[in-house]
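Subject: Model handover

Hello,

Here is the model for you to look over. My notes on its pockets, interface and cavities follow.

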Amino acid sequence: MERLRTGRFWLGFYTLAVMAFLIYLPIVLLITFSFNDSTIMSLPWSGFTLKWYEKILERPDLLESLLNSLWVALIVTAVSLVLGVLAANAMARYRYRGRILFTGYVSIPFVMPWLILGISLLLFFNWVGIQLSMFTVILSHISFTTPLVAVLVAARLHQFEPDLDSAARDLGCNALDAFRLVTFPIIAPAVIAAGILAFNWSFDAFVVTHFVIGSEVTFPIWVWSALRYPRNLPIINAVSSIIIVVEMGLIFLAEWLRRRGGGERLL
Amino acid sequence: MSNREITLEVRELTKRFGSLVAVDHVSFEIRRGEFFSLLGPSGSGKTTILRMVGGLLTPDEGQVFLGGKDITFDPPEKRDVNIVFQNYALFPHLNVYDNVAFGPRRHRWPEAKIREEVTRLLEMVHLTGYEQKYPRQLSGGEKQRVALIRALITRPQLLLLDEPLGALDLKIRQSLQLELVDIQEETGITFIYVTHDQSEALTMADRLAVMDKGRVLQIGDPKTIYEQPQNRFVAHFIGNTNMLEGKVAAVEGQDVRVRVPKLGEFWGRPLDGADVRPGQSVTMSIRPEKMRISRQEPERPGYNKIAGVVEDLIYVGVSTEFIVRVSPVKTLRIFAQNISREDDLWQITWDDPVWVYWRPERSLVLVE
């Protein structure tokens, strides 16, 4: 019993240590140095400043890349939610020929290296003859966010009795009403979670985007090119800090929405 | 009874899943207000029939008529038929009130009428005050009652119940059985009750269909099914029975003499209209409560009798169950009611040599 307890203590300590050093510490450093009055990211502390945040507004190239990433991510999220929810229904509910093939497609973004995905998409666009642009970026992102949504929503559907949909039909719903009144409310939390993740994957995508983008610039691409000049570093820190705070806010908002919904507890 | 109107007719209904024939040309009729049961082991096709009647599955062959109208290909929402699902299928995101009000709202009832009916039905199943609870806060028996009133609030012509008590403990199951029968009588709605529990079907149903491997083997009221099973499967599946296998030695009027290897010859009676000939292989089925047991050799002319040794006896209060070994490979089961101490029943104990005897008409001769 005693040994079990010490074992549990060390396991907890280890987990905490890994999380603190590998995940939280870098984030804390990044945010801290975004307020440091120096272009060199190291101690000693040179004084508190907000000037890096002010500089963001003086960089139209940065603002444009942010805006690009934002609208790309929004379109990608919307399209992949629709396609992914439909795919999840097919995966969870029906038996059909080619089911295994479909499951294979759905697992691509989890097993395929981004580099290979990017190269194959580039080859594909060349072969079909589509000019590289923001449009190809959107198509590429949808190709990997749709499976993400499908997997998350299908997992949720699997937990539920298949008879719920039948019960709704039996009590007087047509197929559309049964989805609207029963299936959708039940999978909604998974759909919201999937939407946030899809948005982040798209917003964050560098490798694949790098291959299929035309002359425009998304935020990750801008960061990549800006890193060549050390004086840009504090600005990148500042804008990254903003993004971290916004995304954490989004996640808390989604969690709050879910809990406020009452009924079944999720995840 | 016979001139009552037919609510449901199923004609030559067939469903295949790949090479498996789940339901094989099944036909039956159900009268209005009847409590009808589909009884059979799991995999016998009961639930598949229910789903085809409810519109959740499309038959490969055959037709379904509700109130004389062909509904074979109508979608579930167009059928005046509701289902109580095996695992209740209550909507987890809706509270009890909204679950029960789900059907009426789809049928555009005014909200005042919905409130009145939901309140009345919740009271009927003793769940007043449960309106705001969510399904996950209910016990199994409570969920079952909510599922039941959710399905019958719109007063469908037919209610389909798929093993509705299967997941509950014995005690709750027994009280809900009674409650179900009461509710059925009170509402007058026609019930089809699917179960694999023969005692449940016998006690609750007006009539039942015994199924095996996708076929209906016999349809009748519980008494007929129990007393006059058409074949070995039905005799074996319903209640307990002793089976003696042999060949017909002679036919004399109504009765036949059956030679059972190593045990002797016994008189029995086939079902009316059965074609029994000498030399034919048959099975005699004798219910345990129709046999008697005694320490003395019975002096009753015309009775079948056989000697054996008491291997086991189980005292169950109202009756005693004896297991009597009559040959190295055969034991018989006998139920004797504990009425009085008049006979020597009370003295019989383990390893006693005894006689088992019964009247010829009590042994049913089955051809199939």
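By class, how many nonpolar, polar and charged residues does the lining of the largest pocket have? The lining has 14 nonpolar, five polar and seven charged residues. Ala, Val, Leu, Ile, Met, Phe, Trp, Tyr, Cys and Pro count as nonpolar, Asp, Glu, Lys and Arg as charged, and the others, Gly among them, as polar.

First, the ground rules. This is a predicted model: local features need pLDDT of at least 70, side-chain atom pairs count only at pLDDT 80 or more, and totals for chains, interfaces and linings use all residues. Residues are numbered from 1 along each chain as its sequence is written, chains are lettered from A and ligands numbered from 1 in the order in which they are written, and side-chain values use heavy atoms, leaving out hydrogens and water.

**Largest pocket**

Its volume is about 810 Å³. On a 1 Å grid over the protein atoms alone, a pocket is an open set of points with protein on both sides within 12 Å along at least five of seven lines, while a cavity is a set where a 1.4 Å probe fits but cannot get out; lining residues have an atom within 4 Å of a point. Grid points are joined across faces, edges and corners, and a volume is the space filled by probe spheres set on the points.

The pocket is lined by 26 residues. Nearest its centre lie Arg93(A), Tyr94(A), Pro162(A), Asp165(A) and Ser166(A). Helix α8(A) gives the largest share, six residues. Helices (H or I, at least four residues) are DSSP runs, numbered from the N terminus.

**Interface of chains A and B**

The contact (heavy atoms within 4.5 Å) takes 24 residues from chain B and 21 from chain A. The two chains bury about 2,000 Å² between them, 59% of it on carbon and sulfur atoms. That is the accessible area (1.4 Å probe) lost on being put together, summed over both.

Three salt bridges cross the interface. The rule wants a side-chain nitrogen of Lys or Arg within 4 Å of a carboxyl oxygen of Asp or Glu. Glu77(B) forms a salt bridge with Arg169(A), with the closest N and O atoms 2.8 Å apart.

**Cavities**

There are four cavities of 30 Å³ or more. Helix α6(B) gives the largest share of its lining, four residues. Among the lining residues are Gln144(B), Arg145(B) and Glu179(B).

The second largest cavity has a volume of about 40 Å³. Its lining has five nonpolar, four polar and no charged residues.

Best wishes

Terms used: Helices (H or I, at least four residues) and strands (E, at least two) are DSSP runs, numbered from the N terminus.
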